[in-house]
Amino acid sequence: MDQPDIRVRLGVRPIINVSGTMTALGSSIVVPEAIEAVAAVLGQFVEVDDLQRRASRVIARLCRAEAGFVTASCAGALTICVAAAMTGADLLAIERLPDAGGLKNEVIIQAGHMVAYGAPVEQGIRLAGARVVMVGQATATRAYQLAGAVTANTAAAMYVVSHHTVQHGMIGLPAFVAAMHDRGVPVIVDAASEYDLRGFLDAGADLVCYSSHKFLGGPTGGIVAGGKDLVRAAYLQNRGIGRGMKVGKEGIAGTIAALEAWERRDHAAVRERETTALHRWREVLDGRPGVTTVVLPDPTDNPLDRLQVWLDPQGAHITAWDLADRLGSGALPVIVRDHEIELGFFLMDPCNLHPGEAELVAGRLREELDRAQASNTTIATPIAGRGLARTQALLSWPD
Ligand SMILES: *Cc1c(COP(=O)(O)O)cnc(C)c1O
């Protein structure tokens, strides 16, 4: 017998997510192995240091690292890693943070990496009591700028791998690591959304942080992996600023299960399913007046394509943002990826679909585009109001 949809029981809208692994939409579909582990551990006591030792072994194997552990989130992991680079294993210094008196406290980051994933990357650095040292300009960093940023107070350098960052003009990870290691500075990589569990440590990074709840399909959590001394120093932050970022037994057990499931997953079959969804949506969209589609590879080389849907309001009788808003409303809301929508396109991400949903999405595209086509006027709400309306809605929460 089918359980009623929990979303209906909770009085929230059932949505279909073609936006991606977004915190605001519930991140990802947690894999059955992780759901089972979470449910099994919740009713039991465990010695958390031992459970984290077990996590360390799994993370070490999958990430080709010396050690690792699980924390509340990748955002928390990054703050904890910065703290680790500042305090090492000094328990008194750990308790004193975010007072960084007497500690190295500068963290280097390229200007083009100073993005927000929902919160600013640089705030997560400052949260540890560190000071952010930005190098280069938004669209370019030069080797002399990076080298010249290192001082006697440099604690670490942060490197962000994400579709959010500027994708050109940056110093790549191998050269970044070489410049920092020449000067004795450890490198922390934010790889929250990256499928590659080994490449960043292989490229010389000292610590790398991932999200459990994104591509892995784990429960909410963050993964730290790297060299044993720094990982231990990061783990010890649970006695200090890491306490507010603590993970529960269910997050640790669920992350272990998600990592083990990742090892066994038929990645080719997943890719095939995603590709089939993209083709289906293209069939519905291509040939319509004012609609152009492009299959876009992921900008950071994750093995994932998205469908870019361009709208020419003249032909389609609707703007990209009006179509996105209409798809996201009604009885079957479909949430598209709209980060750059003012440019006239949205993206459709196929990696969070339940069976049958690709077809429902195809139906919604057809329905809304047919309706717009039949309209005598072009549906074109001024874009300027869209962001303002969203901020207004946020500021009036919980109303
Ligand atoms: C999602 C994301 C984060 C935050 O990860 P959480 O685990 O949700 O805290 C940090 N950095 C980047 C680049 C991200 O995409």
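## Contacts of the ligand

In this predicted model, a nitrogen atom of the ligand lies 2.6 Å from an N or O atom in the side chain of aspartate 190, which makes a polar contact, that is, a pair of N or O atoms within 3.5 Å. An oxygen atom of the ligand is 2.7 Å from a polar side-chain atom of serine 211, and an oxygen atom of the ligand is also found 3.0 Å from an N or O atom in the side chain of histidine 213. Taken alone, the ligand exposes 390 Å², of which the protein buries 92%, with accessible areas computed by the Shrake-Rupley method with a 1.4 Å probe.

The residues around the ligand, each with a heavy atom within 4 Å of it, include Thr23, Ser73, Tyr117, Ser162 and Lys214. By class, this shell holds four nonpolar, six polar and two charged residues, where Ala, Val, Leu, Ile, Met, Phe, Trp, Tyr, Cys and Pro count as nonpolar, Asp, Glu, Lys and Arg as charged, and the others, Gly among them, as polar.

## The second largest pocket

The second largest pocket holds about 810 Å³ of space; a pocket is an open set of points on a 1 Å grid over the protein atoms alone, where a 1.4 Å probe fits, with protein on both sides within 12 Å along at least five of seven lines, and its volume is the space filled by probe spheres set on the points.

Its lining (residues with an atom within 4 Å of a point) has 30 residues, and Val270, Arg273, Glu274, Cys351 and Leu353 lie nearest the centre of the pocket. Helix 12 gives the most to this lining, with seven residues.

## Basis of the values

Residues are numbered from 1 along each chain as its sequence is written, and side-chain values use heavy atoms, with hydrogens and water left out. In this predicted model, local features need pLDDT of at least 70 and side-chain atom pairs count only at pLDDT 80 or more, whereas totals for chains, interfaces and linings use all residues.

Key
Polar contact = N/O pair within 3.5 Å; in protein donor to acceptor, adjacent residues only side chain to side chain. Helix = DSSP H or I, 4+ residues; strand = E, 2+ residues; numbered from the N terminus.
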